[in-house]
Structure formats: C-alpha cells, structure tokens
Amino acid sequence: MSTHPPFTITDVHVFDGRCVLGATYARIVGGRIDAVGDASVQCADDVLVDGRGGTLLPGLIDAHVHLLPGCTQLAAVFGVTTLIDQFSKPEVIEPERAAVNVSARGSGPVRADLCTSSVGATAPGGHPTMVYEPLPYVTGPADAASFVKARLDEGAAHLKVILDDGSGALLDIPTLDAVTLEALVRRAHEHGLPVVAHASTAAGAVTVARCGVDVLAHAPFDRMSDDQVTAVARAGCALIATLSVVDGFPGPDGVMPLLAEAGLVESLPARWRKVLDAQSRRWMPPQPPDGAAARRNTLALFRAGTPVLAGTDTPNPGLVFGASLHRELRHLVAAGLGPAEALAAATAVPAEVFGLTDRGRVAAGLRADLVLVDGDPTTRIESTRDLRGVWVAGRRVDPDAYPGSRTEREGIASLRATNEKIMSAMRRRWPGLPAPEQVEREDGELLGQVVPTAAGWQAATVFGAPLGEVTTREEAVETLHVMGLSSLAEPWWARPVEQTQWRRAHLLEVRPDRVRLRWADPLAEQPAPGQWFDLDDLDLSHDGPPR
C-alpha cells in the first residue's frame, strides 16, 4: 500500500476519461482519489501540486503490448499506468508481475500495473510460433477446456485467440478454424474472461466477430467493405486499433517516426534511441505499409458504434513502451477521431472493456493513476507528450530511475534475443532471405561483416560499427578488405550514450559486444589501461560525429 502523504493537485483542467469536468482540484489519499471538485476539497496539511496551465488525465492504458523485462517501469515514465498484455509466456510475466507487486507495496521504482492473457491460442505452427516457440497449441475444439484452464492457472485476465492463415502477408500458415474458436470463446466466457482475437484480414475480423469474441486486436490492413463493418459492429466487438505498427518503418529521411517526434524523443532513454536507430537500418521489404486502410477501417467501425481502444503492439520495431502510446493517440486523431475521443480510447474505454473498474477515470474512490500535462490535449492531442507529472496509485514516477538501470539493460537484451530468434526462424523458412555475412581475409582473419539494410548493404566492423556508405554487397565486402582491420588502428569518434559530446578515442581492444578505448585527450581523466564500454552504452563513428 502506498504511504505517500495526502496531496492535492490545484488549479487544473480535469479530463475525467470521457469529458472535461468543471472541477479544478483533485485530492489524493492513500493511493486513491479522495475528492474532485473546487478548492474546498484540499485540507490544511496537504502537499500541493500546482496544476496551472495544465490538464489532469486518468493514467493512460495501452491495450495491446507484449511484455519485456522492465516494461512496466518504462511505460510509467511516459504516463502509461496500465499495460494490457496480449500474449506473453509465464517466464516473462511472472517476474514482471512480481516487480509490479513490489512497487504496489510502496517499494522500489514506480511501475505501471499489468494484466495479461498469458499464452494465446493458436494452431500448431501458427502465428506467432517463430516468436514464442515452444508453446502449448490448440489442435481442435476438444482442447478448449484444458487450454483455458491452463491460462487461468497462469493468472490470465482475458483470453487471446489467433485467426491468421498468413494471407494478409502472402504466406500460408496453419490457423484455428471457426469451430475451435467458438469452443474457446464459450469456455472463456464461462469463466468470465473477455476474448481478444488477432485476425489478419477484414474477412478474418468478420469471422472472429461472428464466433463471439469481445475485442479485435488490430484494425485490418485491407479495406473493409460496408457490409463487413456492419457485421463487426452488430456483433458488439470492440477494436484495439494498433495504428502505430506503421511506426516500425523509417520516414523518407531514414529516421524512425518516434525519433522524429519532438517532445518524445528528448525523453526517450538514450539506449532505446540506439535501439530505434539500429532498427531504422534493418532489412525491410521494399514497400512498407502506409496504414491508410487501417485508419479508414478504424474510423468506419468507430462511426458504426464500435468502441475503439488505443493499443500499440509494442515492442514491435519502432515502438517503445509508454512513448508509442502518444504516437497512437496522434494516429487515432489522424484517422478521424476527435482529441477527446482518442483520450477516451486510452483511458475510460479500455478500462470498461477489460473490466478494470478501479481506473480509467478521474473520480472519487478510484485508483490515483493520474497524468498531469501542460496544455489541453482535448483540443490539441500533441499535449499528452508534455508531461509534468505521473502518479501510479498515488506514487509519483521518477523519470530518472529507469535510464541506465539494470532493468533497462535486461529489457533491451531480451528484445535483442527475441529479434534474433525471429530472424533465425525466418531464415529457416525462407533460405534466400538476406542475412548478415562474416567476411574473412584469405588467412582466415575476421575483417567484419556485411549487413543487409533497407537501402542496401552496410560494411561493419567486428563490433558492429558501420564503415563507409550503404552500397551493394560486393562493394561492402571490398570496403571491409580495404578498411576492416586498418580502421581499428585509426582514431575513432566516441560518445557515451548519456552524454552529448563526441570525443576522439583510440580503440585498444575490441570484442563483438564491447570495446576498450582510451580518450585521445591527454588531459582526460581515465584509467591508465583505458576503459571498457558495453556497446549498448557507447556511440562510435569512424568518419566523424553524425550531423
């Protein structure tokens, strides 16, 4: 239980999850909202938080994530106070849930709350096997009862089911049939569990809606017909839009959208900026999705009466826990929702759809999950990123507690391992898929590797730093033969990720995951044998500081 002293947020606009209230004060006691009203709600000994010029919102809810270690702490930094997990395995869920419970007792860094589906129901070899294998499968309707019971035993608060034959991505993979889906829905509903369905196409969305699911996990990426929109709306499904998946692809300038988002990029931990920058150079199909059909479908379903929820599908490429929900809100407004409607999609609506009756609103008696922002996001949605304060169950978030922490390192390492697992599985399925290639000298000395990117091939050192320009594979190989070893003896530019200044340095020893360097400045304070840096902690450039 939180032990903070009572406090009152004063002189503030209040958006309660549905609309702007006339109230301008909110008092918090013991992790709950004690009262919302005028100045009379504050008491003499309250700590006062000045809300002038700002808006108080309910804590934001991301209705579609997949867990990584530490994600609840990172999400809270950006005002996301509840994560709804839509498919993770117990070995990831259990330590994160334990950390959330410690935080809820008032110890350690403040973390967002979470609820989970645990493992989703999919056919043997079906989506997303390459991410989560080994995992329990559903072979037919006879498996429904045992599968649902196993998820309940793992602490699931809802059930995730998969209908995806790969046709939306020009693939052919196994998937559940309608009879099995109906059996899973029936068993889940018997236990009071809402059912969330991943469907890959507009036709699939209609199928799962007719099977009785409660929530669609994504807006279809192919355009829905009017009849399909009507069928889904009449079935009473809600929709988690996940429009942010397009943020996994760099813009025309080669920069990931989140790194170009003023007001968010400055708050992103430096190591996550490195992750996004690396993702911008990964190999990608030549034609990235533009999301136009998904935006159109979202608006059409919303106008037909379908509740729309904000969800990001983090940690897919380009997405970061907490930060990407602010981009999702902008995508919803770009699709045609009003700013207040988008805010409701990240507060009151997901709380209602998932039965989280103690949050999602600013009202007396509810959890004090609160976000204070500058400006008025009900008229300008970009104001959500101008965070002034975040509270989870009344505990204020310290945004400086996460960057550089062991928690951050574990999360990034887990993401890297998952991505490597996915790429290995993809290469087994499609042997011709471009992959990094080691390049050796005639005597067997390793020169580095050539790496496929969205724009061509990049020569890279043995520790992954780029050399030269992105070019053809043959030219990248030649670059390594010319520069791969000689560059290591030359001065480099280096910058610890949490600093702004680049400095010249000499590389004394290099390994695939870290380097030992000595600063070229003779007056720099440093150990005589130089200093080891993990590559996650250091930016390196052979040609000079990036402009």
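In the predicted model, the largest nonpolar core comprises 91 residues. Within this core, the residues with the most contacts are Val161, Leu184, Val213, Val232, Trp272 and Leu332. For Leu184, when neighbours within four places in sequence are left aside, the contacts are Ala121, Val138, Ala144, Phe147, Val148, Leu159, Val161 and Leu176.

After H4 comes Gly155, with a positive phi near 90 degrees.

One runs from His127 to Pro128, with omega near 0 degrees, and Pro128 belongs to the loop between E9 and helix H3 (129–132). The other runs from Glu133 to Pro134, again with omega near 0 degrees, and Pro134 sits in the loop between H3 and H4.

Positive phi values in residues other than glycine were also examined. Phe87 has phi near 150 degrees, a positive value in a residue other than glycine. Its position is in the loop between strand E8 (80–85) and H2. Phe87 has a relative accessible area of 1% and is therefore buried. Thr242 likewise has a positive phi, in this case near 45 degrees, and is placed in the loop between strand E13 (238–240) and helix H8 (270–280). With a relative accessible area of 1%, Thr242 is buried.

The most is given by H2, which supplies five residues. By residue class, the lining of the second largest pocket is made up of seven nonpolar, six polar and seven charged residues.

Leu467 is located in strand E21, which covers residues 466–471. Leu467 has a relative accessibility of 1% and so counts as buried. Not counting residues up to four places away in sequence, Leu467 touches Gln458, Ala459, Ala460, Thr461, Thr479, Leu480, Met483, Gly484, Ser487, Trp492 and His542. Between Leu467 and Leu535, which are 68 residues apart along the chain, the separation of the C-alpha atoms is 16 Å.

Val362 lies in the loop between helix H12 (348–353) and strand E15 (370–374). Its relative accessibility is 3%, so Val362 counts as buried. The residues touched by Val362, with those up to four places away in sequence not counted, are Val14, Phe15, Asp16, Leu21, Ile33, Val36, Leu56, Leu57, Pro58 and Leu370. Val362 and Val206 are separated by 156 residues in sequence, and their C-alpha atoms are 35 Å apart in space.

Glu352 is a residue of helix H12. Because its relative accessibility is 47%, Glu352 counts as partly exposed; the range for this class lies between the 20% limit for buried and the 50% limit for exposed residues. Leaving out residues up to four places away in sequence, Glu352 touches Arg18 and Arg361. The C-alpha atoms of Glu352 and Pro307 are 10.0 Å apart, while the two residues are 45 residues apart in sequence.

Terms used. Residues are numbered from 1 along each chain as its sequence is written. This is a predicted model: local features need pLDDT of at least 70, side-chain atom pairs count only at pLDDT 80 or more; totals for chains, interfaces and linings use all residues. Side-chain values use heavy atoms; hydrogens and water are left out. A nonpolar core is a set of buried Ala, Val, Leu, Ile, Met, Phe, Trp, Tyr and Cys residues joined through side-chain atoms within 4.5 Å. Buried means under 20% relative accessible area, exposed over 50%, partly exposed in between (1.4 Å probe, protein chains only). Contact means heavy atoms within 4.5 Å. Helices (H or I, at least four residues) and strands (E, at least two) are DSSP runs, numbered from the N terminus. Ala, Val, Leu, Ile, Met, Phe, Trp, Tyr, Cys and Pro count as nonpolar, Asp, Glu, Lys and Arg as charged, and the others, Gly among them, as polar.
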